[in-house]
Each structure stands twice: as C-alpha cells, then as structure tokens.
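Here are some notes to read alongside the structure, written for someone meeting it for the first time. Keep the model open as you go through the points.

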Amino acid sequence: MMTMENWIDLCGLDDIPRLGARQVMISGIPVAVFRTSADRVFAVEDRCPHKGGPLSQGIVHGNAVACPLHNWVIDLELGEARAPDVGCVRRFPVRLAGETVQLDAGAIVVQAAE
Ligand code: FES
C-alpha cells in the first residue's frame, strides 16, 4: 500500500508549555498542538465542537483539554467531547522525534481531498 505520510517539523517540544498548547496554521487550518504532563503530544483543529471556542487556550488535564469558553472536556486521543456533551473535533497525527514535534501533513492533504 502506498503511504502518503509527510512528516513536517512543527516546533520543539519545549516551545509548547506543559499542560498547554500552541496554535499553528497548517494548510489554512488552525491546529492546536497540546503537551500533556507526561510530555505526550496531540493535535486537533483549534475549534471547539460546541461553539467554536479556541481549544488551544484551554487547560490540559490527563489526555484531555477543557474548552475555555464553556468548559466542555475534549478527549484528545479520541477527538470527542466527554459525556454528557456530544461532539467531535478533527484530529491530526503528531509525533515526537527526539525533542521535535512533527505533524503528518500528508494526512491533511488526503483528508482535505475527500
Ligand atoms: S465553545 Fe467550547 S465549550 Fe462552548
């Protein structure tokens, strides 16, 4: 199977505050890149499924972020709001290569073409 992976460097791990996030623009999409207390990284579209709040300004706890506007909790692994709220947010593949945070831009192109 042909792979479309295209890992690009986003920033250094230390450029993201622990328990916080950094916003980057990828192909015109605002993407929030989060760092957990265990130094795991996640990336989702920076737009809350409730009313579009900036998730990158939320507080990370565990593998989730609380939206700063109305406190919905978004699971960053699943890209879904936790009950009782219902909604999902687009996730992007990210990984750590040493101390560098990388995002698979190939996945964005594939998704955008659908
Ligand atoms: S906009 Fe995020 S909880 Fe309302």
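The numbered points below go from the whole chain to its sheets, its core and a few single residues.

1. **Ground rules.** Please keep in mind that this is a predicted model, in which local features need pLDDT of at least 70 and side-chain atom pairs count only at pLDDT 80 or more, while totals for chains, interfaces and linings use all residues. Residues are numbered from 1 along each chain as its sequence is written.

2. **The chain as a whole.** The secondary structure comes to 1 helix and 11 strands; helices (H or I, at least four residues) and strands (E, at least two) are DSSP runs, numbered from the N terminus. Reading from the N terminus, the order is β-β-β-β-β-β-β-β-β-β-β-α.

3. **Overall size.** Along its principal axes the C-alpha trace spans about 40 × 35 × 25 Å.

4. Buried residues make up 28% of the 114 residues in the chain. A residue is buried if 20 or more other C-beta atoms lie within 10 Å of its own, exposed if 12 or fewer, and partly exposed in between, with C-beta atoms placed from the backbone. Of the contacts with a separation of 6 or more, 42% are between residues 24 or more positions apart; two residues are in contact if their C-beta atoms, placed from the backbone, lie within 7 Å.

5. In the order β2-β3-β4-β9, 4 strands form an open sheet with antiparallel pairing; two strands pair if DSSP finds at least two bridges between them. Why do β2 (21-26) and β9 (91-92) stand at the edges with one side left without a neighbour in the sheet? Each has a single partner strand, so nothing in the sheet flanks that side. Antiparallel β2 and β3 are joined by 6 bridges, and Val-24 has Val-31 in β3 as its bridge partner.

6. **Another open sheet.** The order β5-β6-β7-β8 describes an open sheet of 4 strands, with antiparallel pairing. Its edge strands are β5 (59-61) and β8, each pairing on one side only. Between β6 and β7, which run antiparallel, there are 3 bridges; Ala-66 has Val-73 in β7 as its bridge partner.

7. **A hairpin.** Strand β10 (residues 94-97) runs antiparallel to β11, with 4 bridges joining them. Leu-96 stands opposite Val-101 in β11. The two strands β10 and β11 form a hairpin with 2 residues between them, and Gly-98 in the turn has a positive phi of about 65°.

8. **The nonpolar core.** How many residues does the largest nonpolar core have? There are 27, and those with the most contacts inside it are Ala-32, Val-33, Phe-34, Ala-43, Val-44, Ile-74 and Val-94. At least two residues of this core come from each of β3 (29-35), β4 (41-45), β6 (64-66) and β11 (100-104). Such a core is a set of buried Ala, Val, Leu, Ile, Met, Phe, Trp, Tyr and Cys residues joined through C-beta atoms within 7 Å.

9. **A closer look at Ala-43.** Ala-43 lies in strand β4 and counts as buried, with 25 C-beta neighbours inside 10 Å. Leaving aside neighbours within four places in sequence, Ala-43 is in contact with Val-31, Ala-32, Val-33, Arg-91, Phe-92, Val-94 and Leu-103.

10. **Loop residues worth a look.** Leu-19 is in the loop between β1 (7-12) and β2, has a positive phi near 70° although not a glycine, and is partly exposed, with 14 other C-beta atoms within 10 Å. Asp-39 lies in the loop between β3 and β4; its phi is also positive, near 60°. Is Asp-39 buried or exposed? Asp-39 is exposed, with 12 other C-beta atoms within 10 Å. Leu-78, in the loop between β7 (73-75) and β8 (80-81), is partly exposed, with 13 such atoms within 10 Å.

11. **A cis peptide bond.** Ala-83 and Pro-84 are joined by a cis peptide bond, with omega about 10°. Pro-84 is found in the loop between β8 and β9.
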